[in-house]
Amino acid sequence: MKVLMINGSPHVTGNTYEALKHMADTFREEGIEADIVHIGTDPIQGCIGCLNCLQSGTCAYNDPLFKLLEAKAKECDALVVGSPVYYAGPTGSLCAILDRLFCAAGRHLSFKPAASVSVCSRSGSSAAFDRLNKYFTMNNMPVVSSQYWNSVHGMTPGQAKEDGEGMQTMRTLARNMAWLLRCIEAGRAAGV
């Protein structure tokens, strides 16, 4: 089993990465492969509503990041999307690529478990969390929960690691997703 994890932060090893890495470590303990993809800092073209994806099956802007995420969406069994909170929402770059990914390649993600993670300094986390979850709920994806909102607090680099409750939430989230993946696998084996 494999989980695709998308790091929507412009910082490769910032606080969002720390939250996702903590989950990835827990996935590995559970015997599940985790692949963290960083979206980078290059400009990302947003969806222009051209509907090319409906005709051709792929995005008109078939750039390397889109191609990478589309390929990984096909092969993954679950998805985790993480973002820092900017003005009570996910990063614009992340939303730009997710709009295109879910519009053009959402068929590869339908019915796969998903979870979002938001990282903030003080507040805005629940609004960002809500926005990210809408990608999943509009695409027939079971949304995995934890014991609290999937958020971690941290402003300066590395500060997220000091958020004990946030990191516990990440471990629980990863374990809950691992449990659901095993349930789905058992269901398939039983002919469901």
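These legends go with a set of close-up views of a predicted model.

**View 1. Strand 1 sits mostly under cover.** Start with strand 1, which spans residues 2–7. Five of its six residues are buried, so the rest of the structure largely encloses this strand. Strand 1 has a partner in strand 2, residues 33–38, and the two pair in the parallel sense over six bridges. To see one of these pairings, find methionine 5: its bridge partner in strand 2 is isoleucine 36. How does the chain get from strand 1 to strand 2? It crosses through helix 1, and this β-α-β crossover is right-handed.

**View 2. Strand 1 also pairs with strand 3.** Strand 3 covers residues 78–84, and five bridges join it to strand 1. These two strands run parallel. Look for isoleucine 6 here, whose bridge partner in strand 3 is valine 81. As a handy rule, side chains in a regular strand alternate between the two faces of the sheet.

View 3. Serine 83 belongs to strand 3. Is serine 83 buried or exposed? Its relative accessibility is 0%, so serine 83 counts as buried. Now find threonine 91: its backbone nitrogen lies 3.0 Å from a polar atom of the serine 83 side chain.

**View 4. Two residues in one loop have positive phi values.** This view moves to the loop between strand 3 and helix 4, with helix 4 covering residues 92–105. Tyrosine 87 is in that loop, and its phi is near 50°, a positive value in a residue other than glycine. With a relative accessible area of 88%, tyrosine 87 is exposed. Alanine 88 lies in the loop between strand 3 and helix 4 too. Its phi is positive as well, at about 65°, although alanine 88 is not a glycine. How accessible is alanine 88? At 39% relative accessibility, alanine 88 counts as partly exposed.

**View 5. The largest cavity has a lining with 10 nonpolar residues**. The structure holds one cavity of 30 Å³ or more. The space in the largest cavity comes to about 80 Å³. It is lined by 13 residues, and Cys47, Cys50, Cys59, Ala60 and Arg100 are the closest to its centre. Helix 2, residues 52–56, and helix 4 are the elements that give two or more residues to this lining. Where does the largest share of the lining come from? Helix 4 supplies it, with three residues. Besides the 10 nonpolar residues, the lining has two polar residues and one charged residue.

Conventions:
Residues are numbered from 1 along each chain as its sequence is written. This is a predicted model: local features need pLDDT of at least 70, side-chain atom pairs count only at pLDDT 80 or more; totals for chains, interfaces and linings use all residues. Side-chain values use heavy atoms; hydrogens and water are left out. Buried means under 20% relative accessible area, exposed over 50%, partly exposed in between (1.4 Å probe, protein chains only). Helices (H or I, at least four residues) and strands (E, at least two) are DSSP runs, numbered from the N terminus. Two strands pair if DSSP finds at least two bridges between them. A crossover is right-handed if, with the strands pointing away from the viewer, the path from the first strand over the helix to the second runs clockwise. A polar contact is a pair of N or O atoms within 3.5 Å; within protein, one must be able to donate a hydrogen and the other to accept it, and residues adjacent in sequence count only if both atoms are side-chain atoms. On a 1 Å grid over the protein atoms alone, a cavity is a set of points where a 1.4 Å probe fits but cannot get out, and a pocket is an open set with protein on both sides within 12 Å along at least five of seven lines; lining residues have an atom within 4 Å of a point. Grid points are joined across faces, edges and corners, and a volume is the space filled by probe spheres set on the points. Ala, Val, Leu, Ile, Met, Phe, Trp, Tyr, Cys and Pro count as nonpolar, Asp, Glu, Lys and Arg as charged, and the others, Gly among them, as polar.
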